[in-house]
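Reader: I'm new to this one. Could you show it to me and let me ask how you know things?

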Amino acid sequence: MEELDCEPAVTWIPGVNSKRKQMCFDWGPGEMLLCETSFNKKDASEKVPSCPFIYIIRKDVDVYSKILRKLFNESHGIFIGLQRIEEELTGKSRKAQLVRVSKNYRSVIRACMEEMHQVAIAAKDPAIGRQFSSQVSILSAMELIWNLCEILFIEVAPAGPLLLHLLDWVRLHVCEVDSLSADVLGSENPSKHESFWNLVTVLVLQGRLDEARQMLSKEADANPSCASMCRILGDLMRTMPILSPGNTQTLTELELKWQHWREECERHLQDSTFAASPRLESLCKIMLGDEATLLEHKELLSNWYHFLVTRLLYSNPTVKPIDLHFYAQSSLDMFLGGESSPEPLDNILMAAFEFDIHQVIKECSIALSNWWFVAHLTDLLDHCRLLQSHNLYFGSNMREFLLLEYASGLFAHHSLWQLGVDYFDYCPELGRVSLELHIERIPLNTEQKALKVLRICEQRQMTEQVRSICKILAMKAVRNNRLGSALSWSIRAKDAAFATLVSDRFLRDYCERGCFSDLDLIDNLGPAMMLSDRLTFLGKYREFHRLYGEKRFGDAASLLLSLMTSQIAPRSFWMTLLTDALPLLEQKQVIFSSEQTYELMRCLEHLASARTGCGEPDAQRLQDDDVETTKVEMLRLALARNLARAIIREGSLEGS
């Protein structure tokens with residue numbers, strides 16, 4: 001896309017004076033923190049900020065609207081469906097499917113618009129009511145633009161049906177006539193109602209000639225003096241040739257019939273058939289497409305594109321798409337009459353009538369408050385194969401750029417970020433790297449949310465992000481002293497260093513409390529036990545306790561000894577292991593063989609000599625040494641007795 005043609009809008013922060021105070025700010029993925037600093041070189045005496053607040057300026061505030069969230073959620077499903085059926089779309093079925101998708105998008109916009117309108121009416125605070133009404137106007141403009149793009153770019157209506165679609169477009173979006181009709185027809189005497197002729201005129205302006213004839217028949221019944229004129233004008237309305245959807249006549253036949261009908265209208269006007277009734281005469285002039293008469297009813301037309309469609313209906317009903325922009329520009333100029341300049345909506349509609357898709361998207365990007373509209377419309381137009389040739393200079397096409405911007409805005413919301421993931425998935429060039437950058441910034445407030453993020457990363461083989469998230473969660477769990485959860489996350493992250501750290505915490509807790517927490521986790525480590533030596537030791541040590549509890553003393557003794565001799569057990573834990581050996585040494589039957597006892601004695605002496613070589617003892621150290629000395633003596637005694645029993649037993653077995 002090209003650079004903006006205008007300066008970006010300025011956001012004013014109440015209470016902040018950037019001329020007197022310096023501001024500091026910090027960008028986030030979807031918002032900016034802004035605050036005033038106390039640093040001021042010009043006035044060093046004034047150190048207290050005049051605005052002691054921190055402001056959060058959000059890039060995309062629409063994601064925080066509850067009603068618009070429904071728009072985002074519903075359209076997400078339509079978007080995903082369109083991407084999945086792309087391969088199945090061919091020929092006529094392709095066009096029909098794309099039109100159906102477009103109508104689904106519009107129905108979602110209208111549903112949100114109606115709900116927003118009800119909220120605006122029910123709002124007790126006038127300011128809030130005005131805010132919702134403004135949003136209704138924006139949604140209405142979005143649907144108006146989308147509908148026109150559907151007619152011109154997606155349905156690609158040819159001459160003849162094109163005008164029928166444009167008539168439906170105007171009738172759908174200029175809907176005040178329905179409430180006016182209800183008012184007039186609901187009165188006791190409709191033909192005497194003050195808005196009766198306004199209603200008839202609007203019906204003619206919108207090409208609703210059957211309804212206009214019915215209204216004229218009421219006038220004829222109430223006023224016999226003009227009954228003949230009403231009947232003649234009603235016949236002209238009835239005989240006006242229009243190309244209906246099911247009609248098989250050619251455009252040439254339609255043009256010939258329409259020319260004859262027009263000549264008949266002109267004849268009645270020249271014969272002064274309606275001279276006695278200026279209102280009926282005005283209606284006849286409208287049906288002849290008289291531009292001056294049409295402009296006299298500006299208030300009833302309400303906008304230039306209504307004027308355009310009415311003008312085409314009564315002057316060129318078989319207009320070709322290629323000629324639309326000439327009529328559109330002249331209609332805009334005539335309707336505004338130099339009294340005012342075009343609004344952003346006028347420029348967008350004009351770009352559409354000129355079949356300039358890229359200008360439509362550009363103008364919408366500038367005028368609308370969020371990326372939803374341009375992202376989804378561009379995606380749909382891209383599926384219509386209308387944007388393939390338009391690449392951007394920074395390595396992506398227009399569709400992908402707008403989808404990336406929209407998805408980035410969704411990631412600023414605490415729950416809508418999940419929708420953004422799918423939009424990134426369907427951006428083939430930059431989607432994955434953008435997802436990786438955004439997903440790392442999601443605040444993992446709860447474990448449930450963390451699991452969602454983790455599942456998304458695992459499904460997409462985002463290995464680094466999986467490890468990063470698991471590490472974060474493991475660290476949080478350690479801080480909260482939830483060792484089982486911390487160990488589980490570190491295993492999932494395949495982080496050997498952190499698994500070692502958590503295993504040490506488990507062992508330290510065991511030394512302090514005399515029992516393990518999270519037994520289920522430790523008992524079911526399985527192959528994960530091999531992640532680190534310390535984790536292997538933790539699992540094997542827990543297995544030793546299980547064997548001991550099952551009174552499988554021989555297996556328990558062999559495992560305990562192997563933990564010490566294989567150097568898996570940390571040296572700091574040897575005394576605990578030797579202490580655990582005491583009950584086995586005191587059993588009636590000999591558990592440890594003489595060779596195993598020698599190994600235990602060697603480990604004990606090695607441990608005792610290492611402690612003797614430590615630095616200068618303090619009071620606490622001396623007290624600990626007394627306890628350790630007592631343990632060592634008890635172990636030496638138990639080992640000596642066990643060695644004697646083992647030698648006797650082994651000798652007697654050899655003798656037998």
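Author: The protein chain has 30 helices and 3 strands. Helices (H or I, at least four residues) and strands (E, at least two) are DSSP runs, numbered from the N terminus. This is a predicted model, where local features need pLDDT of at least 70 and side-chain atom pairs count only at pLDDT 80 or more, while totals for chains, interfaces and linings use all residues. Residues are numbered from 1 along each chain as its sequence is written, and side-chain values use heavy atoms, with hydrogens and water left out.

Reader: How many of the residues count as buried, and what does that word take?

Author: Of the 656 residues in the protein chain, 45% count as buried. Buried means under 20% relative accessible area, exposed means over 50%, and partly exposed is in between (1.4 Å probe, protein chains only).

Reader: Then why is Ser282 called buried?

Author: Ser282 has a relative accessible area of 17%, so with the limit at under 20% it counts as buried. You'll find Ser282 in helix 10 (residues 278-287). Leaving aside neighbours within four places in sequence, Ser282 is in contact with Thr293 and His297; contact means heavy atoms within 4.5 Å.

Reader: And what makes Glu440 partly exposed?

Author: Glu440 has 48% relative accessibility, which falls between 20% and 50%, so partly exposed is the word. Glu440 sits in the loop between helix 20 (431-439) and helix 21 (447-459). Along the sequence Glu440 and Ile469 are 29 residues apart, yet C-alpha to C-alpha they are 7.8 Å apart in space.

Reader: Why are helix 3 and helix 4 called roughly antiparallel?

Author: Their axes come within 10 Å and cross at roughly 170 degrees. Over 145 degrees counts as roughly antiparallel, so helix 3 is roughly antiparallel to helix 4. For the other words, angles under 35 degrees are roughly parallel, 65 to 115 roughly perpendicular, and the rest oblique. The axes are lines fitted to C-alpha atoms, for helices over the stretch in contact, and angles run from 0 to 180 degrees between N-to-C directions. Among the residues making the contact are Leu144 and Leu148 of helix 3 and Leu166 and Trp169 of helix 4. By class, this contact has 8 nonpolar, 4 polar and 1 charged residues. Here Ala, Val, Leu, Ile, Met, Phe, Trp, Tyr, Cys and Pro count as nonpolar, Asp, Glu, Lys and Arg as charged, and the others, Gly among them, as polar.

Reader: What makes something a nonpolar core?

Author: A nonpolar core is a set of buried Ala, Val, Leu, Ile, Met, Phe, Trp, Tyr and Cys residues joined through side-chain atoms within 4.5 Å. The largest one here has 184 residues, and Trp169, Leu233, Trp304, Phe353, Trp372 and Phe373 touch the most other members. Helix 3 (residues 126-154) gives the most to this core, with 12 residues. Not counting residues up to four places away in sequence, Phe373 touches Met142, Ile145, Trp146, Cys364 and Leu368.

Reader: How do you know that Cys364 is in no disulfide?

Author: A disulfide is a pair of cysteine sulfur atoms within 2.5 Å. A search of the whole structure finds 0 disulfides. For Cys364, the nearest cysteine sulfur, that of Cys149, is 6.8 Å away. Cys364 is also buried, at a relative accessible area of 1%.

Reader: Why does Cys384 count as buried?

Author: Its relative accessible area is 18%, and the limit is under 20%, so Cys384 is buried. Cys384 is found in the loop between helix 17 (372-383) and helix 18 (398-410). Not counting residues up to four places away in sequence, Cys384 touches Arg94, Leu98 and Ile154. Cys384 and Ile154 are 230 residues apart along the chain, with their C-alpha atoms separated by 6.7 Å.
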